[in-house]
Amino acid sequence: MEMLIALVAILAMGVFYAVLVYYLVRLISKKAFKLTLTKAESIEILVWLGIAFFGIVMIVKQNWNLFIPVVLLLVSMVNLRRSNRKYREMENHE
């Protein structure tokens, strides 16, 4: 029972910090860069920050178990960024 409570507490903490960072990223982009981000762009920034965090932790601890998932996620994020850029360019030309 204690393990379940601990798991729920850890998940709740993760959700709380993700929501906090989500709003901080949007606030910083609005105030510092005078740029209003969409929800998708904000989530994309959060995923990039997560990839960077896991990459740094992996290198510091020299634990290579997460290397392939991080690289695959990185490749998929680059492809997503490319396709989003093409989609925005097509929208701007119309």
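Analyst: A residue is called buried under 20% relative accessible area, exposed over 50% and partly exposed in between, using a 1.4 Å probe and protein chains only. The model is predicted, so local features need pLDDT of at least 70 and side-chain atom pairs count only at pLDDT 80 or more, while totals for chains, interfaces and linings use all residues. Residues are numbered from 1 along each chain as its sequence is written, and side-chain values use heavy atoms, with hydrogens and water left out.

Helices are DSSP runs of H or I with at least four residues, numbered from the N terminus, and strands are runs of E with at least two. After α1 comes K34, with a positive phi near 50°.

Y22, V25 and S29 are buried in α1. An α-helix has 3.6 residues a turn, so residues three or four places apart point the same way. The buried residues of α1 pack against α2; contact here means heavy atoms within 4.5 Å.

Next, the aromatic rings. Rings of Phe, Tyr and Trp (its six-membered ring) pair if their centres lie within 6.5 Å; planes under 30 degrees apart count as stacked, over 60 as edge-to-face and the rest as tilted. The structure holds 3 such pairs. F16 and Y17 form a tilted pair, because their planes are at 55°, with the ring centres 5.5 Å apart. Y22 and Y23 pair edge-to-face, at 5.1 Å centre to centre and 75° between the planes. Y22 is buried at 13% relative accessible area, whereas Y23 is exposed at 54%. Y17 is partly exposed at 46%.

On the α2 side, E44 is found in that helix, which covers residues 39–61. E44 is buried at 7% relative accessibility. Leaving out residues up to four places away in sequence, E44 touches M77, R81 and N84.

A salt bridge is a side-chain nitrogen of Lys or Arg within 4 Å of a carboxyl oxygen of Asp or Glu. A search of the whole structure finds 1 salt bridge. E44 forms a salt bridge with R81, their closest N and O atoms being 3.4 Å apart. Because R81 lies in helix α3 (residues 67–93) and E44 in α2, the pair ties together parts 37 residues apart in sequence. R81 is partly exposed, at 30% relative accessibility.
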